[in-house]
Amino acid sequence: MFLLLLGNKLHLAPIENPQRVLDLGCGTGIWCMDMADEHPGAEIIGVDLSPIQPSFTPPNCKFEIDDVTSPWTFAVNFDLINIRSLYGSIADWPALYAQAYAHLQPGGYLHEVEMSIQFKSDDGTLAPDHVLSQWSDVFHEASRRFGKSFYEVWNLVSYAKNAGFVDVVEHVYKVPVNGWPADPKMKELGRWNFLHCSQGAEGWGLFLLTKVMGWSVEEAQVFIAKFRTGLKERRVHAYFEVVQFSARKPSN
């Protein structure tokens, strides 16, 4: 979905030949492996809390199990640091950006893509009492109680600038929740997003709804089922926004 959104590019940072690349919260490692294939002369490192990455990878790609919110211990700095979908995982974004800034080479780039969880419509088809609206409301409250607010997605560019980054270029994209748009690219984006949301809902929801909001497992599962049904409604022209930005560490 992100590849389609970014014009078939893995990132939009204006750097042509990065030699050392770090991916924070690399997940399955797919971005790292694609970057390793695209830049065979570069060293790609992916870091995540969960050891879910494959053992068979390109020779210039490696994974480390670590917590990116703890002090970093890398011996060498990087040309490019990538972040994708860490929303809801970071309690102190300024501290994370301070570490990223410290571990970039002068002139190196930070690149980030994050999703807002606020469902919207531009034509009024998404009502405030619709399950997608309720989903946004419930999880914004859950994230506030959990101490890792989803609202922070709108503050990230300011935090990056405050950390010392310059040449900050930001884009905000609308991503539909299903294939309702007439535009072919937006329709395809919507289909991928429907898959993303419908498959991800239970994984995102169960912990926050039960452990943070105090719901029963049954209540949470009913809400998740209603959410999945709501995603299918093509008469509701819902979307959420994706924030992408690149930022440079000054050369001197």
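Visitor: This is a predicted model. Is Asp167 buried, exposed or partly exposed?

Guide: The relative accessible area of Asp167 is 44%. Buried would require a value under 20%, and exposed a value over 50%. Asp167 therefore falls in between and is partly exposed.

Visitor: Where is Asp167 placed, and what is its phi?

Guide: Asp167 belongs to strand E6. Although Asp167 is not a glycine, its phi is positive. The value is about 50 degrees.

Visitor: What is the phi of Ser85, and which loop holds this residue?

Guide: Ser85 is a residue other than glycine with a positive phi, near 55 degrees. At 27% relative accessibility, Ser85 counts as partly exposed. Its place is the loop between strand E4 (78–84) and helix H3 (93–102).

Visitor: Which residues are closest to the centre of the largest pocket?

Guide: The largest pocket holds about 1700 Å³ of space. Its lining is made up of 50 residues. Closest to the centre are Arg84, Ser85, Tyr87, Met115 and Trp204.

Visitor: Which element gives the largest share of the lining of the largest pocket?

Guide: Two or more lining residues come from each of H1, helix H2 (30–38), strand E2 (43–48), H4 and H6. By residue class, the lining divides into 29 nonpolar, 14 polar and 7 charged. The largest share, 10 residues, comes from H6.

Visitor: Which residues of the largest nonpolar core touch the most other members?

Guide: In soluble globular proteins, nonpolar side chains tend to be buried together. Here the largest nonpolar core has 35 residues. The members that touch the most others are Phe119, Leu132, Trp135, Phe139, Phe227 and Val242.

Visitor: What does Val242 touch, not counting residues up to four places away in sequence?

Guide: Val242 is a member of the largest nonpolar core. With residues up to four places away in sequence not counted, Val242 touches Phe2, Leu5, Val113, Glu114, Met115, His171, Val172, Tyr173 and Val175.

Visitor: How far is the nearest cysteine sulfur from that of Cys61?

Guide: A search of the whole structure finds 0 disulfides. Cys61 is buried, with a relative accessible area of 6%. The nearest cysteine sulfur to Cys61 belongs to Cys32, at 5.1 Å.

Visitor: Where is Phe150, and what does this residue contact beyond four places in sequence?

Guide: Phe150 is found in the loop between H4 and helix H5 (156–162). With a relative accessible area of 11%, Phe150 is buried. Its contacts, leaving aside neighbours within four places in sequence, are Tyr87, Gly88, Ile117, Phe139, His140, Ser143 and Leu208.

Key. Residues are numbered from 1 along each chain as its sequence is written. This is a predicted model: local features need pLDDT of at least 70, side-chain atom pairs count only at pLDDT 80 or more; totals for chains, interfaces and linings use all residues. Side-chain values use heavy atoms; hydrogens and water are left out. A nonpolar core is a set of buried Ala, Val, Leu, Ile, Met, Phe, Trp, Tyr and Cys residues joined through side-chain atoms within 4.5 Å. Buried means under 20% relative accessible area, exposed over 50%, partly exposed in between (1.4 Å probe, protein chains only). Contact means heavy atoms within 4.5 Å. On a 1 Å grid over the protein atoms alone, a cavity is a set of points where a 1.4 Å probe fits but cannot get out, and a pocket is an open set with protein on both sides within 12 Å along at least five of seven lines; lining residues have an atom within 4 Å of a point. Grid points are joined across faces, edges and corners, and a volume is the space filled by probe spheres set on the points. Ala, Val, Leu, Ile, Met, Phe, Trp, Tyr, Cys and Pro count as nonpolar, Asp, Glu, Lys and Arg as charged, and the others, Gly among them, as polar. A disulfide is a pair of cysteine sulfur atoms within 2.5 Å.
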